[in-house]
Amino acid sequence: MADLTTEFLGIKSPNPFWLASAPPTDKEYNVRRAFEAGWGGVVWKTLGSEGPPVVNVNGPRYGAIFGADRRLLGLNNIELITDRSLEINLEEITRVKKDYPDRAVIVSIMVPCEEEAWKAILPKVEATGADGIELNFGCPHGMAERGMGAAVGQVPEYIQMVTEWCKKYYSKPVIVKLTPNITDVRFPARAAKAGGGDAVSLINTINSIVSVDLDQMAPEPTVGGKGTHGGYCGPAVKPIAMNMVAEIARCPETHDLPISAIGGVTTWKDAAEFMALGAGNVQVCTAAMTYGFNVVKEMISGLSDWMDEKGYTSTQDFIGMAVPNVTDWQYLDLNYIAKAKINQDDCISCGRCFAACEDTSHQAIEMSADRVFTVKDDECVACNLCVNVCPIEGCITMEQVPAGQIDERTGKVVSDEYANWTTHPNNPSATAAE
Amino acid sequence: MASSHQASGIQAGRLAAADIADNFGDLHPAYDAHEAAVAADRCYFCYDAPCMTACPTSIDIPQFIREIQAGHPSSAAKTILDQNILGGMCARVCPTETLCEEACVREAAEGKPVEIGRLQRFATDTLMEKDVHPYSRAASTGKRVAVVGAGPAGLSAAHRLAMLGHDVVVYDAKSKAGGLNEFGIAAYKSTENFAAREVEWLLKIGGITMDYGKKLGADLSLDGLKADYDAVFLSIGLAGVNALRAAGEDMDGVRDAVDFIEELRQAEDLSALPVGRNVVVIGGGMTAVDAAVQSKLLGAENVTIAYRRDREAMGASRFEQDLAASKGVTLMFNVMPKAIHGDGAAAEIELEYTQVEDGRVRGTGETVRLAAEQVYKAIGQSLQGQPEAVELEGGKIMVDATGRTSVAQVWAGGDCASGGEDLTVTAVAEGRDAAMDIHASLMG
């Protein structure tokens with residue numbers, strides 16, 4: 001079995017699977033259960049300033065988007081930071097960290113955007129013995145209206161300023177959590193680095209409304225007849241998170257900034273993908289809230305199995321491996337030609353590929369009278385929409401056309417020379433080829 | 001040239017070889033990747049899953065299904081094998097319809113449970129096809145354990161003990177290992193020599209020596225084993241077969257069903273196996289169904305299961321009863337054997353109708369005769385050949401929760417031991433648990 005021990009900012013955990021700051025990490029009770037189930041670390045649910053804590057709505061607090069068979073694909077929450085007192089939280093964190101020295105315990109914090117507020121809370125957090133802090137600049141609801149959460153995360157200058165305060169008043173690693181509710185995530189990432197932040201974690205939740213109750217005529221979750229925008233998370237947001245992680249990982253100014261990836265991690269493969277794009281570890285929330293803490297067992301066995309298969313002995317062996325292959329569209333090889341191919345043994349003749357291609361794409365699939373579906377190479381552009389709508393995995397595959405053969409659609413011989421849009425004659429701003 | 005269903009007497013080759021091969025193919029063919037993906041997607045991943053509770057070996061079913069769903073069936077196999085080293089065979093023979101699949105919440109929700117058995121086979125097949133044995137032996141403990149009986153209980157105990165570092169010798173009276181897996185399970189549940197292949201795979205753990213042709217009471221004695229080994233595990237099964245106690249029982253054509261099934265399982269060529277035109281099986285359990293169904297699959301024209309009580313009381317599960325009916329076997333209820341008639345060889349069986357009064361079966365006096373060149377006895381098996389020293393309970397070797405018998409140093413498990421259903425999966429659990437107790441006892 002591969003060794004999943006991962007070191008992130010000098011913090012060691014037995015595996016790269018942490019729980020994100022959220023209800024699952026709200027109390028000692030939850031966190032202990034998590035550690036017993038095998039999670040490598042937790043980020044404690046966001047603490048607020050000393051004094052009366054925030055108050056949540058009673059409920060409902062969640063809305064959801066479902067796939068087939070009510071499989072939860074996206075979760076929307078209107079819950080706030082911790083609604084328990086700071087003192088109780090700090091006591092619990094101290095106890096838990098003491099009992100689980102080999103697991104990462106990070107404390108998420110959100111206090112007003114004033115130096116005094118941070119100066120007051122940080123020593124108390126330091127005293128708990130936690131391994132680090134995470135700055136919550138992400139909540140899109142409830143706190144933003146008070147000038148915290150996403151209200152900070154959308155302003156790079158504020159991010160840099162608060163991060164500097166944290167480095168001033170706290171001795172251990174500072175992780176800056178970024179909001180995706182922003183035009184270009186590289187700005188906040190650069191700001192976090194400029195402020196001395198040791199790492200960034202992303203994404204926090206996405207501003208959303210998941211559904212409307214058509215009887216009450218209000219967004220869901222509906223509280224007393226009204227609804228509000230909430231934070232969206234779960235499998236549905238993974239692609240947004242993956243892109244933002246990749247952007248930070250390949251941006252020259254931030255490519256050395258460690259990343260903790262959050263956003264729809266449900267199985268080992270999701271984690272491996274994020275890590276290949278440059279994340280040193282992952283934080284999970286929705287999957288745990290959907291299925292319970294035991295989801296980590298599959299993540300552990302799956303990642304370990306895959307590492308054994310590939311010959312990786314440490315997570316370091318593959319972190320960031322996909323980053324060099326993330327490029328801009330204009331640099332993709334326009335001479336790479338492929339065609340779709342339907343395996344007639346696997347095909348069940350549902351015709352979904354035909355519907356997609358004939359109606360909405362290139363009319364490159366032929367349907368015979370007895371429901372045999374074949375690809376017309378002279379029309380196929382290899383968009384691979386058919387692959388994505390086919391219910392049988394692996395039934396349709398994209399086959400590269402080797403150099404020297406003719407692409408039936410264009411009549412041209414396929415070249416093995418790399419060429420992209422920047423030098424294409426159709427491009428008005430093409431740079432001359434060397 | 002195949003003879004036909006209607007050829008009289010007891011004949012081999014009633015069906016063409018191709019038809020026989022078809023008939024005896026997998027009752028449940030293996031899933032391909034797509035079928036497994038669709039089946040795995042149906043699991044709700046329950047908390048403290050009822051299926052896991054229902055499994056005698058406590059396999060973490062939601063975990064293994066999730067691993068299949070996440071694209072790594074080999075991990076799923078390991079999850080299964082961690083709890084049940086014979087997970088491959090169990091996937092093929094377990095009456096899931098009365099265990100995990102009965103408990104499945106989707107059985108409650110839609111009457112259609114998750115196909116746990118077939119998913120288990122998909123996972124274990126994947127691992128075994130790669131010829132991977134994902135366990136290794138701990139450092140040698142210097143302790144030696146004797147296992148008597150190489151059936152599921154014995155094999156399970158042996159593997160666990162060997163894995164923990166002990167040296168194990170497994171004795172068996174027969175010339176092959178596997179017990180009922182090899183000699184008793186219906187052929188269409190264990191195709192392509194699976195039982196033997198599984199044993200070969202299991203032995204890859206190392207540290208297990210097989211010693212065939214050794215029978216307790218004849219070649220081995222309990223005292224002798226206790227002297228030569230640090231512990232003894234008895235997994236001798238139930239070698240005795242209950243007699244009909246009807247006239248004509250000794251005629252040619254009247255046999256123990258288990259003997260017929262054993263012969264069938266070991267036959268190189270099924271079309272060379274003779275079967276009667278008319279076959280009657282006395283009994284109502286899984287053995288009766290296996291004998292009846294397989295007679296029909298060999299080409300018998302008329303096969304009847306004659307059971308002394310009513311359908312509800314039948315030991316065979318509803319699934320097995322339906323299977324028999326779907327293969328063309330006639331199920332007769334409330335009839336018991338009165339006499340077998342014939343001129344030295346069976347030709348007819350006379351059955352008497354029964355009534356149940358105060359729980360007891362009594363003949364009504366009304367009889368019926370069925371043509372029968374072959375009559376199979378499947379009315380239960382009993383303990384035979386047990387050492388005198390061990391105390392019995394309810395006709396089986398008395399054991400406590402950890403498998404200890406009344407004799408120090410001696411454990412027992414499987415069908416021969418008291419408690420638990422007489423299932424392969426229960427035998428595996430008992431073997432495993434006894435091994436853990438033996439290990440704890442030997443290591444102090």
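1. The crossing of helices α2(B) and α9(B) is left-handed, a word used when the near helix is turned anticlockwise from the far one by less than a right angle (right-handed if clockwise). Helices here are DSSP runs of H or I with at least four residues, strands are runs of E with at least two, and both are numbered from the N terminus. α2 covers residues 33–40 of chain B and α9 residues 116–129 of chain B; they pack at about 135°, with axes 10 Å apart. Axes are lines fitted to C-alpha atoms, for helices over the stretch in contact, and angles run from 0 to 180 degrees between N-to-C directions. The angle therefore makes α2(B) oblique to α9(B); under 35 degrees counts as roughly parallel, over 145 as roughly antiparallel, 65 to 115 as roughly perpendicular, and the rest as oblique.

2. The model is predicted: local features need pLDDT of at least 70 and side-chain atom pairs count only at pLDDT 80 or more, while totals for chains, interfaces and linings use all residues. Residues are numbered from 1 along each chain as its sequence is written, and chains are lettered from A and ligands numbered from 1 in the order in which they are written.

3. Between the two chains, 12 residues of chain B are in contact with 12 residues of chain A, contact meaning that C-beta atoms, placed from the backbone, lie within 7 Å. On the chain B side, α2, α4 (61–69) and α5 (73–83) each supply at least two residues. The largest share, 3 residues, comes from α4(B). By class, this side has 4 nonpolar, 6 polar and 2 charged residues. Ala, Val, Leu, Ile, Met, Phe, Trp, Tyr, Cys and Pro count as nonpolar, Asp, Glu, Lys and Arg as charged, and the others, Gly among them, as polar.

4. Chain B is assigned domain 1 (33–129), domain 2 (144–239 + 383–443) and domain 3 (241–380); such bounds come from an automatic or database domain assignment. The C-alpha centres of domains 2 and 3 of chain B lie 30 Å apart. Of domain 2 of chain B, 5 residues are in contact with 8 residues of domain 3 of chain B.

5. Chain A holds a closed barrel of 8 strands, β3-β4-β7-β8-β9-β10-β15-β16, with parallel pairing; strands pair if DSSP finds at least two bridges between them. Strands β15 (residues 259–262) and β16 (residues 279–284) of chain A run parallel and are joined by 4 bridges. A:Ile262 stands opposite A:Gln283 in β16(A).
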